[in-house]
Amino acid sequence: MNILVVGAGGQIGTELIPHLQSLYGEDNVIAADLKKESVDKLGAISRSITLDALDINSYRDAIVNYKIDRIYNLVALLSATGEKNPKLAWDINMGALLNSLELAKEFNCSVFTPSSIGAFGHSTPHDNTPQDTIMRPNTIYGVCKVSGELLSDYYYSRFGVDTRSVRFPGIISNGALPGGGTTDYAVEVFYEILQKGEYTSPIPENTYMDMLYMPDALIACTKLMDCDPSKLIHRNSFNVTAMSFSPKELFDAIKKRVPNAIFKYEIDPVKEAISASWPNSLDDSCAREEWGWNPKWNLENMVDDMLNAISKKI
Ligand code: AKB
């Protein structure tokens, strides 16, 4: 199996590459990113190429040259950044997806493109949000995610392209930093507390959002793609979650371990509005039943591991 990861230089890609290598072999994973500096960094851990996923001809060349069977399309402008330039967010998020799907159709590849809790909106039931429910997001990121889910299902039902994906909540990790997301606070706080002893949250203290720790997120990416497709009732995209907490609960858990830590709030109105429109907690029972989703990390063991890993890193 030869795998191409596009948008590999971001928070998920930099950790997905070694995870894929451990499962499918080092030489079978190709990391592609638009930015030369990201490609240079990825070059230290894998075969890597510079690729603009919006340029279908170079994207096609990469698929042909490396005989690609599976695509992880991680190209995305996230929720908060998307609001600064909605047209750019649409062009990038949908352009990379459409090219991935077209090439998957041409070369018989399977495709994983993450969706997000951003696909939900104010009118979605916020507690224990069902798999199949009202999806009327009011961010451009969410509009792209719902459109992406529909388009991926369309390519499956119309052309038989093997598309599968999950709705990622916030992903907490200690490798590459996230950027431009609404859930980024749950990563930033660890660096700021360990470096400066103080963190100012842009998200109100009682706003709940779902989260996953990176090791579970990586398993979601591969377990779904490797599962027996005859068991799948859904495809794009599965609710997945491992924990749901508010900033206050996360900061209390950190304070238990770093008693001098100081937390303040300076609310960012854009992130406040986005986070208020997203679910408080997801129902991920379809993922559990259809392909055995079973996350291992919770708030307590994640906070221990993050503090430990980031202390070592800095
Ligand atoms: C964001 O906050 O935009 C992302 C997401 C939940 O999709 N982390």
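Welcome! The ligand takes up the space of the largest pocket, a pocket being an open set of points on a 1 Å grid over the protein atoms alone, with protein on both sides within 12 Å along at least five of seven lines. This is a predicted model, where local features need pLDDT of at least 70, side-chain atom pairs count only at pLDDT 80 or more, and totals for chains, interfaces and linings use all residues. Residues are numbered from 1 along each chain as its sequence is written, and side-chain values use heavy atoms, leaving out hydrogens and water.

**Around the ligand**
- The surrounding residues (a heavy atom within 4 Å) include Leu78, Ser116, Ile117, Pro169, Gly170 and Trp278.
- This shell has five nonpolar residues, six polar ones, Gly being classed as polar, and no charged ones.

**Polar contacts (N or O pairs within 3.5 Å)**
- Oxygen atoms of the ligand lie 2.5 Å from a polar side-chain atom of Ser79 and 2.6 Å from one of Tyr141.
- The side chain of Thr183 has an N or O atom 2.9 Å from a nitrogen atom of the ligand.
- On its own the ligand has 260 Å² of accessible area (Shrake-Rupley method, 1.4 Å probe), and the protein covers 92% of that.

**Two domains**
- The ligand lies between domain 1 (3-169 + 231-239) and domain 2 (171-211 + 242-313), because both give residues to its shell.
- These bounds come from an automatic or database domain assignment.
- The C-alpha centres of domain 1 and domain 2 are 23 Å apart.
- In domain 1, 34 residues are in contact (heavy atoms within 4.5 Å) with 32 residues of domain 2.

Notes: Polar contact = N/O pair within 3.5 Å; in protein donor to acceptor, adjacent residues only side chain to side chain. 1 Å grid on protein atoms, 1.4 Å probe; cavity = no way out; pocket = protein on both sides within 12 Å on 5 of 7 lines; lining within 4 Å. Sits in = over half its atoms within 2 Å of the grid points.
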